[in-house]
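Here is a walk through a model of a protein with RNA. Please look at the sequence and the structure first.

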Amino acid sequence: MEKIDIILKNAVVKAIKQLYNSEVPISQISVQKTRKEFEGDFTIVVFPFLRFSKKSPDLTAEETGKFLKENIEEVYDFNVIKGFLNLSLTHQYWQKFFRNINSNKNYGFKTQNENTKKIVIEYSSPNTNKPLHLGHIRNNLLGWSVSKIIEAGGDKAVKVNLVNDRGIHICKSMLAWKYLAEGKTPKEVGMKGDHFVGDYYVAFDKEYKKQIAELVKNGMNEDEAKNEAQWMKEARIMLKEWEQGKEEVRSLWKTMNNWVYKGFEETYKKLGIGFDKIYYESETYLKGKEVILKALKDGALRQKEGGTVFIDLTKEGLDEKVLLRSDGTALYMTQDIGTAIIRYEDFKFDESAYVVGNEQDYHFKVLKIVLEKLGYDWAKNISHISYGMVELPHGKMKSREGTVVDADDLIEEMIQTAKAKSEELGKLDGFSEEEKNEIFRKIALGALKYFILKVDAKKNMTFNPEESIDFNGNTGPFIQYTYVRIQSMLTKAEEQGINELNDFENIKKFEEPEISLLNKFYDFEEVITEAGEKRNPSIIANYVYDLAKEYNRFYHELPVLKEEDFNFKKFRLSLSEKTGLIIKNALDLLGIEVPERM
RNA sequence: GCCCUCGUAGUUCAACGGAUAGAACAAUAGUUUCCUAAACUGUAAAUACAGGUUCGAUUCCUGUCGGGGGUACCA
């Protein structure tokens, strides 16, 4: 079935040709949904046609409308308001449309075909020196959701995680543990491994600060003190030893990282996300070094007197970028170059996307250029899905100031809130503890995920830990509730012996809320496409909220199960069922589950 | 200094260059003999400022003011 906005656009081209003997480019025709307060389904803006018609906006709209009404069978009527041509479609059209999408359980989703692209999506990418916080949650939810949306658009998404398991920051935790822990393990103290290791990272920082202060007091300037502090010197030695493969260092490193991985796995599981492949920087950074050293030998890169290898990007409007430290150890960029190359060898992707915060916009710009300059043709297919920071009302999260919102804590709090709220409403009496906990979990995560994903990924967002995330209004639970209500009604219908909903006969006239719902159904396909192109889950989130809102209005204004006319009843049940299905499918794209009762 | 971003109701978020700038929370007034009131219906409330381009600007351009980020031999 051809999409109606395409039909309308082509019809407008014909109209302008016939009425004004002019060719209007299809790109200049804007077909949009008619705003609620006006009569009609679709609206055409006629201002761009005035130069052809040489007539007033109203008259142009009037003439175009008349042509469409007479020549396009789907157009039932039209009205003109201030140069906007509002078109109403026939109930036959809407009926045909509904029957059409009803026969398709996956309406809105595309399947893979010969044009399917393979898109590798890197997301999460944690450091193994501290537990995950709210910023990582945003990253994880975005990565997961974008992957889902890409698949819904008919492409293949390969989800990869790049664990930053080596580097100076890890050495800091290791060093502090060595000095302070007296050999204790997370198990012994009953802590999640990532939190345990994170505590030593903080401990390092505390001691390091103390050492800097001491040196400054003795007359050293601050920059120098940062370099000369004892623990920092030792951490650097440790990094060097690690790269040289010193057994003792490697062994401690392995042990501590494994503690962290166990903790991460738990958090990922709670968030309901996962990966197709996990990369470790410790396994890829050598590739980066190798490539850079080779390029140096071939004369593609240069070296400073201290031995630092760098690339000059000043011609590109950027700066000089160091690719290898003077002591030969690798940097973030070194490693990312190696990882990118290995990833291409592994997947031969059509696109390699990185879900990373916008503070690294520069890094990815440089990464792409460096790889291109090193002669990797596929580097042009690298993209950065850049997202904004999660800020607190008083600014950034800072671990030193103890203002970091911990991921595990937040999830747990959400579950407790969901539980309290649910028990207050008392709708789950008669369920087993296990069933109830499952429902609390779905609601809690629904609230959290929706709260984060409804905001345009590109933008910074504010999270106020003082105010708990809402469960009313524009929220995940509101949408879940709408779904649950529908299921409850469908169950009752079934009990009444109504099984086949879609065999309703022709509906002569629709009520306004019914048309509005059908209009919303119509949008779903395009919403998925747009969300995929823009790599932006918030488009899905806003859509599914609108749909749920629209349904609730329908639900309040029109009887469904209580409708006496059996044909209308089946039709409305069918509308309800479809709404439920779209809600479920759309929420799934956001990684949000639906409960059957709440 | 240079570069990149963002400034929309009290608050958190929406708005392919299109109509009277939408929601939600908070405030306030209502709706349960009615399919789950985690719902629905009202009221009040906003485009930082000054120019420009346009039939039309929250959206594009310039400037001012204000926030955030980057410009590391950190990640």
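Several elements each supply at least two residues of the surface near RNA strand B: β2 (42-45), β4 (84-89), α6 (168-180), α15 (407-425), β14 (461-462), α17 (476-495) and α19 (538-557). Helices (H or I, at least four residues) and strands (E, at least two) are DSSP runs, numbered from the N terminus. The largest share of this surface, 7 residues, comes from α17.

This is a predicted model, in which local features need pLDDT of at least 70 and side-chain atom pairs pLDDT 80 or more, while totals for chains, interfaces and linings use all residues. Residues are numbered from 1 along each chain as its sequence is written, chains are lettered from A and ligands numbered from 1 in the order in which they are written, and side-chain values use heavy atoms, with hydrogens and water left out.

In total, 63 residues surround RNA strand B, and the closest are Ser30, Asn164, Arg325, Lys427 and Tyr481. A residue is near the strand if one of its heavy atoms lies within 4 Å of it. By class, the surface has 26 nonpolar, 19 polar and 18 charged residues; Ala, Val, Leu, Ile, Met, Phe, Trp, Tyr, Cys and Pro count as nonpolar, Asp, Glu, Lys and Arg as charged, and the others, Gly among them, as polar.

On the RNA side, sugar and phosphate account for 65% of the atoms of RNA strand B that come within 4 Å of the protein. The bases are also approached: a polar side-chain atom of Asn86 lies 3.2 Å from a base nitrogen, and an N or O atom in the side chain of Ser326 is 2.9 Å from a base nitrogen.

Note on methods
A polar contact is a pair of N or O atoms within 3.5 Å; within protein, one must be able to donate a hydrogen and the other to accept it, and residues adjacent in sequence count only if both atoms are side-chain atoms.
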